[in-house]
Amino acid sequence: MQCSKIATILMPWKIKSLTDRRSEKVPKETVLKQWFEAQTDDVKAAFLVIMQHLIPLRGNGWGRPFVGQLRRECKGLFEIVVSMPDVEHRPIGYFSGEMEFTFLAFATERDNKLVPASVCETAHRLIKDIAEGKEHVRDVNF
Amino acid sequence: MSETLISKAGFVSKLLKSKKFRDSYCYELIRTGTSFQMRSLREERGWTQADLAQATGKPRSVITRLESPKYGKLSLASLLEIASGFDVALMVKFVPFSRLVREYEDLSPEALSAKSVSDSEEIAKLQEWATSAQRIDLVAALKRQTATQLKAIGTAMGSALRVIEGTNAGVVQRRLDFDRPRLIASESTAGASPVITREGTDTWQKIQKIS
């Protein structure tokens, strides 16, 4: 078996996030960190537990019910399902490489709709900007 | 350069300062963790949700609901039924957070694995445990030794010790290796290692220094 294949099998998922170009920190802070820090402790706990379970998964482990594939105008994007009693949080991102997920934007879900409604449009634009070098990403460790 | 969402130190600080975080983290490990583990155990067995439903005698819709992150009403009865469906045990135990964080440090599929009681590996482990109970008896027996006997054992300090079991016919049944039992006397004295026999049986156990 090739070493690269062994590494893929053994290595956990790599998590990345868009950086906030307005961040004054060096290097720039990620939008994921900013979102996380702004959440209440119960949301933080829920998100951490979900990610701690997702990251070690192999192969096609990233799917429902904790990772949702979005459709229609959101095609190509995926949501992490963070269900709380009062709010359904939906961090949005995409699979930016093999065993790699990049967080781009953050929404909530209400009545089966993402809020803000423009989150997918924003995320698609960010993917394009990342590819063109206009926006940047950083690895995020959990 | 990578960013750390929350460092270990930051996590512990959060645990120590925020009861809400502590309670939520504990709750989520059970709610979310159970959902992940149920799916992992199904995949380990090549089961669909329908297969698990059949094994537990529950409707498939119930299994879907139990694996859903939106469903927060896991009951102990449901968990026991799921465990029974998988033919595994369920542990419910109050633990300090220091043990919780170590227990949940590894959440890989391997760590979440739980073999059925009919699995050959699991049977072998159970059988090994059944015979390894004798080692626990030996340690307990050693603790009951007199100071004189312990001093005799003390000649082995600094070396690995080996316990050899056998019948009175001299056949070695099992070797149990362990390093430096804490009950060994601190003084080092020359002398033969004692023979400890188990009362009421025809087996003996002997401590040997591994050379």
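These questions and answers cover a disulfide, aromatic pairs, one serine and a pocket in a predicted model.

This is a predicted model, in which local features need pLDDT of at least 70, side-chain atom pairs count only at pLDDT 80 or more, and totals for chains, interfaces and linings use all residues. Residues are numbered from 1 along each chain as its sequence is written, chains are lettered from A and ligands numbered from 1 in the order in which they are written, and side-chain values use heavy atoms, with hydrogens and water left out.

Student: Which cysteines form a disulfide?
Tutor: A disulfide here is a pair of cysteine sulfur atoms within 2.5 Å. A search of the whole structure finds 1 over all chains. Its sulfur atoms lie 1.9 Å apart, and the partners are A:Cys74 and A:Cys120.

Student: How many residues apart are A:Cys74 and A:Cys120?
Tutor: Helices (H or I, at least four residues) and strands (E, at least two) are DSSP runs, numbered from the N terminus. A:Cys74 sits in the loop between strand S2 (67–69) and strand S3 (78–80) of chain A, and A:Cys120 in helix H4 (residues 119–131). The pair links distant parts of the chain, 46 residues apart.

Student: Is the link of A:Cys74 and A:Cys120 right-handed or left-handed?
Tutor: The angle about the S-S bond is 95°. The link of A:Cys74 and A:Cys120 is right-handed.

Student: Why does B:Cys26 count as partly exposed, rather than buried or exposed?
Tutor: Buried means under 20% relative accessible area, exposed over 50%, partly exposed in between (1.4 Å probe, protein chains only). Both A:Cys74 and A:Cys120 are buried. B:Cys26 counts as partly exposed because its relative accessibility is 31%.

Student: Why is the pair of A:Trp62 and A:Phe95 edge-to-face?
Tutor: Their ring centres are 5.9 Å apart. The pair is edge-to-face because the planes lie at 75°.

Student: The charged end of which residue sits over the ring of A:Phe36?
Tutor: A charge sits over a ring if NZ of Lys or CZ of Arg is within 6 Å of the ring centre and within 35 degrees of the ring normal. Here the charged end is 5.8 Å from the centre, and belongs to A:Lys44.

Student: Which residues of chain A is B:Ser35 in contact with?
Tutor: B:Ser35 lies in helix H2 (residues 19–45) of chain B. Contact means heavy atoms within 4.5 Å. Leaving aside neighbours within four places in sequence, the contacts of B:Ser35 include A:Pro65 and A:Phe66.

Student: Which element supplies the largest share of the lining of the largest pocket?
Tutor: The largest pocket is lined by 46 residues. B:Gln37 is among the closest to its centre. The largest share of the lining, 12 residues, comes from H2(B).

Notes
Rings of Phe, Tyr and Trp (its six-membered ring) pair if their centres lie within 6.5 Å; planes under 30 degrees apart count as stacked, over 60 as edge-to-face and the rest as tilted. On a 1 Å grid over the protein atoms alone, a cavity is a set of points where a 1.4 Å probe fits but cannot get out, and a pocket is an open set with protein on both sides within 12 Å along at least five of seven lines; lining residues have an atom within 4 Å of a point.
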